[in-house]
Amino acid sequence: MIFSLKNQVALVTGASSGLGYACAEALAKEGACVVINYHSQAEPAEELAEKIRADGGRAIAVKGDVSKEADVENLFDQTIREFGRLDILVANSGLQKDAPSIEMTLEDWNTVLDVNLTGQFLCARAALRQFKRQEHRQDISKAVGKIIHMSSVHQLIPWAGHVNYAASKGGVDMLMKSLAQEVGEERIRVNAVAPGAIATAINEESTQGEAGKALLKLIPYGRIGAAEDVANAVVWLASDLSDYVHGTTLFIDGGMSLYPGFRDNG
Ligand code: NAD
């Protein structure tokens, strides 16, 4: 059993920052050729691609909005043009537009659903089409292809003031499971990771200072997560070491989903 992702091609969406950046970097370290999708921040995406190339790997940065069908088609076209195939999709892009429900605009509802759920569908569909089109290289992976969705503990834990975000991640859960049920026979593996509180740009306000200390009450393991905690799990899910893992969400949350409020409620 090998851990290496050598000669495999991985596409990571929203990889100019945070978890996507860490996943792209970690996949490249294991030998994968990496496509770094970015939405608006070209500089960090290009810098990461350059860093990977300087370390002897292969990487390109490609602009694209995952909620736009034409952008997603272009993203996958550029991947195939550069590397000739696709083995791993990490559908990571996501955002928050928070507001109490009675104040939430339809625009903010739609934007979050468009990026967090429709974007994951469009990328997964494009990946499946490519997996079916290409030759299965058993010398590089037991599976024909692997899709890893970026979910959240909020696919499970309700979140007042964030109904669009929680609904999008609940949708990702059923998207992932239904896809897994649909394509498993074709040796395509579909899974998700559900991070808890990981310090990145999306949650800077809640993970730093006093807010960060208060957040620890929700984390039995007693620390806020780092992007690498998620990236390590994604690398494992992308590798043959997890070959029999299919249709599962791996919670990477220091126990946040264990209802920690019940600890002191005996
Ligand atoms: P982040 O803001 O650093 O990353 C989000 C990325 O998505 C950014 O690079 C952004 O440019 C990209 N993006 C936004 N809209 C896009 C679009 N239309 N098309 C393409 N890319 C787009 O935050 P992050 O924490 O790294 O979040 C990454 C993923 O992890 C998200 O799906 C988020 O919901 C999920 N997540 C994060 C945490 C956490 O604690 N940080 C917890 C649970 C889930």
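A residue counts as buried when its relative accessible area is under 20%. By this criterion, 50% of the 266 residues of the protein are buried. The model is predicted.

The protein has eight helices and seven strands. Its radius of gyration is 18 Å, close to the 18 Å that the globule rule gives for 266 residues, so the protein is as compact as a globular protein of that length. Along the principal axes, the C-alpha atoms fill a box of roughly 55 × 40 × 40 Å. Contacts were also examined by sequence separation. Among those between residues at least 6 apart in sequence, 73% join residues at least 24 apart.

The surface was considered next. The protein exposes about 12,700 Å². Carbon and sulfur atoms supply 52% of this area. The protein carries 25 positive and 34 negative charges.

The structure holds zero disulfides. Such a bond requires two cysteine sulfur atoms within 2.5 Å. For Cys23, the closest cysteine sulfur is that of Cys123, at 14 Å, which is too far for a bond. For Cys33, the closest cysteine sulfur is in Cys23. That distance is 17 Å, so it is also too far for a bond. Both cysteines lie under the 20% cut-off for burial. Cys23 has 1% relative accessibility and therefore counts as buried. Cys33, at 10% relative accessibility, counts as buried too.

Terms used
Residues are numbered from 1 along each chain as its sequence is written. This is a predicted model: local features need pLDDT of at least 70, side-chain atom pairs count only at pLDDT 80 or more; totals for chains, interfaces and linings use all residues. Side-chain values use heavy atoms; hydrogens and water are left out. Helices (H or I, at least four residues) and strands (E, at least two) are DSSP runs, numbered from the N terminus. The radius of gyration is taken over C-alpha atoms; the globule rule is 2.2 Å times the number of residues to the power 0.38. Buried means under 20% relative accessible area, exposed over 50%, partly exposed in between (1.4 Å probe, protein chains only). Contact means heavy atoms within 4.5 Å. Accessible areas come from the Shrake-Rupley method with a 1.4 Å probe; for residues, only the protein chains shown count as cover. Lys and Arg count as positive and Asp and Glu as negative; His and the chain ends are not counted. The place of a charge is taken as NZ of Lys, CZ of Arg, CG of Asp or CD of Glu.
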